[in-house]
Amino acid sequence: MSRIAFIGAIAVAVAAGTTTTATAEDAVVYSDGLGAFVRWVAYGDDMYITDEIANGHSAVGTYQLGSQYFYWNRDGKGTTRYVNLNLPEHTYFSVGAMEGDWEGTATGGLLWSTIETKDVYTT
């Protein structure tokens, strides 16, 4: 009986020593055509959407947490749009960058072939 207790204690000690916790991380995601990029800053839930190339397309930042949301930067090459998302704490989700041609709605004119995403974690 004491041998079983000893083995159980070792298993608990090993498990405790090898568990990992998810930590929030910043991320940069470039669209497939490299015309747009999104910088995600975990502390503060901040998204920066930058238009990199004068190619006639807008930069679009996106995130998916259940539903998918889109934020447009329509101000042209070299500009950055800031968005504070205020997401739930300790949550995995996807952040992404893509390009689009604004058609008057959040999803109109998105160029789906340019989307790139990365999974991240909030603080």
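**Notebook: patch, sheet, salt bridge, rings**

I started with Leu34, which lies in the loop between β1 and β2 (36-41). This is a predicted model, so I read everything below as such. Leu34 turned up again when I looked for surface patches: together with Val28, Tyr30 and Ile53 it forms a nonpolar patch, with about 350 Å² of accessible area for the four together.

**Sheet**

Next I checked the strand order. Four strands make an open sheet, β1-β2-β3-β6, with antiparallel pairing. β1 (27-30) and β6 (80-84) are at the edges with a single partner strand each, so one side of each has no neighbour in the sheet. I also noted the twist, which averages 15° from one strand to the next.

How many bridges join β3 and β6? I found five, in the antiparallel sense, with β3 covering residues 46-51. In that pairing Ile49 stands opposite Arg81 of β6.

**Salt bridge**

I then looked for salt bridges, and the count came to one. The partners are the side chains of Glu25 and Lys118, at 3.8 Å from N to O; the pair counts because the cut-off is 4 Å. Glu25 sits in the loop between α1 (2-18) and β1, and Lys118 in strand β8 (residues 110-121), so the contact ties together parts 93 residues apart in sequence.

**Aromatic rings**

Last, I searched the whole structure for aromatic pairs and got nine. I wrote down two of them, both with Phe93.

Trp40 and Phe93 have ring centres 5.1 Å apart and planes at 80°, so I logged the pair as edge-to-face.

Tyr63 lies in strand β4 (residues 58-65) and Phe93 in β7, so the pair ties together parts 30 residues apart in sequence. Tyr63 and Phe93 are both buried.

Which residues do the ring pairs link into a cluster? I got Trp40, Tyr63, Tyr69, Tyr71 and Phe93.

Technical notes:
Residues numbered from 1 in each chain as written. Predicted model: local features only at pLDDT ≥ 70, side-chain atom pairs only at ≥ 80, totals over all residues. Heavy atoms only, no water. Pairing = 2+ DSSP bridges. Helix = DSSP H or I, 4+ residues; strand = E, 2+ residues; numbered from the N terminus. Axes fitted to C-alpha atoms, helices over the stretch in contact; angles between N-to-C directions. Patch = residues over 30% accessible without salt bridge, like charges linked within 9 Å, V, L, I, M, F, W, Y side chains within 5 Å. Areas by Shrake-Rupley, 256 points an atom, 1.4 Å probe, with all protein chains shown as cover. Phe/Tyr/Trp six-rings, centres within 6.5 Å; stacked < 30°, edge-to-face > 60°. Buried < 20%, exposed > 50% of the residue type's maximum accessible area, 1.4 Å probe, protein only.
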